[in-house]
Amino acid sequence: GINAEYGKQWYQRRVRDMELLDIPFVQKILAKRPQPPLPLHLRLTKNEAATLIQAGVRGYMARQLPRVQGFRDKIKRKQAAATVIQSGWRSHKIRMSIRDEDLSNKDYCKLYYGSKKTPEAIQPEEEEVEQ
C-alpha cells in the first residue's frame, strides 16, 4: 500500500544521494586495504565534465586575444629584464667577495703595494721572547 510505496521512495532517495565512501562496509574495507582515488571521469557527472571542458576552452580562447597576448609579452619582457639585473648583481657580489677575501690578509696585500715577495715566501715575523 501507501506505506510500502513511501518506504520504497525513501529508500531510493537515500541510496541515490548516498556516496560510495559513505557506506559503512565500504569504509571498513578501505580502512583495511586503502585504494587510490577513482579517476576523474568516473567521479564527474556529464554536466560537471562539460563545465570543466568549456572552462578550459574559454580560458584558451581568452588567452589568444591580442590585448591579452600583449599583456603576457610585457610580463615576459619584465621577467627577462629582472633576470638580467639579478644575474649582474650576483656577479658583482661574487667579484666583491673575492676581492675582499684577497685583501683581508695583510701580508698578502703587500703584493698589491709593491712587495717583491710571493705569498709563499712571506713568513710570519718571529716574536722576541723576553727572559
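Q69 sits in helix α5, residues 66–103. Helices here are DSSP runs of H or I with at least four residues, numbered from the N terminus. This is a predicted model, in which local features need pLDDT of at least 70, side-chain atom pairs count only at pLDDT 80 or more, and totals for chains, interfaces and linings use all residues. Residues are numbered from 1 along each chain as its sequence is written, and side-chain values use heavy atoms, without hydrogens or water.

Leaving aside residues up to four places away in sequence, Q69 touches R63 and Q64 (contact: heavy atoms within 4.5 Å). The Q69 side chain reaches the backbone oxygen of R63 at 2.9 Å.

## Overall build

The protein has six helices and zero strands. Along the sequence the pattern reads α-α-α-α-α-α. Of its 131 residues, 2% count as buried.

## The largest pocket

The largest pocket holds about 400 Å³ of space. A pocket is an open set of points on a 1 Å grid where a 1.4 Å probe fits, with protein on both sides within 12 Å along at least five of seven lines; lining residues have an atom within 4 Å of a point.

Lining residues include E19, V26, P36 and R43. Helices α2 (24–32) and α3 (40–43) each supply at least two residues of this lining. By class, the lining has eight nonpolar, one polar and two charged residues.

Terms used:
Grid points are joined across faces, edges and corners, and a volume is the space filled by probe spheres set on the points. Ala, Val, Leu, Ile, Met, Phe, Trp, Tyr, Cys and Pro count as nonpolar, Asp, Glu, Lys and Arg as charged, and the others, Gly among them, as polar. Buried means under 20% relative accessible area, exposed over 50%, partly exposed in between (1.4 Å probe, protein chains only). A polar contact is a pair of N or O atoms within 3.5 Å; within protein, one must be able to donate a hydrogen and the other to accept it, and residues adjacent in sequence count only if both atoms are side-chain atoms.
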